[in-house]
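Visitor: I should like to understand the reasoning behind the terms used for this protein. Could you take me through it step by step?

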Amino acid sequence: MYLNEVRNILTDVLNLGPAGETLDADSPLLGSLPELDSMAVVSLIGALEEHFGIMVDDDEISASTFATLGSLAAFVQEKRGA
């Protein structure tokens with residue numbers, strides 16, 4: 001449910017263009033997308049917070065959350081309580 005929205009936000013924040021459309025739930029993020037550096041993670045979190053109306057605490061940010069597009073979408077879904 002959140003996968004497409006998270007993919008669209010990720011694509012916009014990282015300026016991935018058409019390459020963003022190829023990302024699926026199993027697509028690795030951290031360490032695989034050169035565009036996803038520490039500053040981009042901060043921007044992405046801000047965009048996710050704004051779009052989904054969630055708050056992400058610093059202690060919730062981990063490598064496992066950003067391991068794949070699917071893990072990031074699952075994190076957003078959990079934050080939304082869905």
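**From values to terms**

Guide: Of the 82 residues of the protein, 35% count as buried. The model is a predicted one.

Visitor: What elements make up the protein, and in which order do they run?

Guide: The protein has 3 helices and 0 strands. From the N terminus on, the order is α-α-α.

Visitor: How do you know that the radius of gyration agrees with that of a compact globule?

Guide: For 82 residues, a compact globule would have a radius of gyration near 12 Å; the protein has 11 Å, so the two agree. Along the principal axes, the C-alpha atoms fill a box of roughly 30 × 25 × 20 Å. Of the contacts with a separation of 6 or more, 62% come from residues 24 or more positions apart. The accessible surface is about 4,700 Å², and carbon and sulfur atoms account for 51% of this surface.

Visitor: Why is T11 called buried?

Guide: The term buried requires a relative accessible area under 20%. T11 has 13%, and therefore T11 is buried. The residue belongs to helix α1, residues 3-14.

Visitor: What does T11 touch, and which backbone oxygen lies 2.8 Å from a polar atom of its side chain?

Guide: Leaving aside residues up to four places away in sequence, T11 touches L16, G17 and G20. The backbone oxygen in question is that of R7.

Visitor: Why is N15 called exposed?

Guide: Exposed means over 50% relative accessibility. N15 has 67%, so N15 counts as exposed. This residue is located in the loop between α1 and α2.

Visitor: How do you know that the length of helix α2 agrees with its number of residues?

Guide: Helix α2 comprises 15 residues, 38-52, which at 1.5 Å a residue should span 21 Å; its end C-alpha atoms are 21 Å apart, so the two agree.

Visitor: Which residues of α2 are buried, and why are they said to line one face of the helix?

Guide: The buried residues of α2 are A40, V41, L44, I45, L48 and F52. Seen down the axis of α2, these buried residues fall within an arc of 140°, and therefore they line one face. The face turned away from the buried side carries the exposed residues M39, V42 and E50. The cover over the buried residues of α2 includes α1 and α3.

Visitor: Why does L44 count as buried?

Guide: The limit for buried is under 20%. L44 has 0% relative accessibility, so L44 counts as buried. L44, in helix α2, touches I9, L10, V13, L36, F66 and L72, not counting residues up to four places away in sequence. The C-alpha atoms of L44 and V6 are separated by 9.5 Å, although these residues are 38 residues apart along the chain.

Visitor: How do you know that the span of α3 agrees with its 12 residues?

Guide: At 1.5 Å a residue, the 12 residues of α3 should span 16 Å; the end C-alpha atoms are 17 Å apart, which agrees.

Visitor: Which residues of α3 are buried, and what puts them on the same side?

Guide: In α3, the buried residues are L69, L72, A73, F75 and V76. They cover an arc of only 155° around the axis, so they lie on the same side of α3. Among the elements that cover them are α1 and α2.

Notes. Residues numbered from 1 in each chain as written. Predicted model: local features only at pLDDT ≥ 70, side-chain atom pairs only at ≥ 80, totals over all residues. Heavy atoms only, no water. Helix = DSSP H or I, 4+ residues; strand = E, 2+ residues; numbered from the N terminus. Rg over C-alpha atoms; globule rule 2.2 N^0.38 Å. Buried < 20%, exposed > 50% of the residue type's maximum accessible area, 1.4 Å probe, protein only. Contact = heavy atoms within 4.5 Å. Areas by Shrake-Rupley, 256 points an atom, 1.4 Å probe, with all protein chains shown as cover. Polar contact = N/O pair within 3.5 Å; in protein donor to acceptor, adjacent residues only side chain to side chain. Expected span 1.5 Å × (residues − 1). Arc of directions from axis to C-beta.
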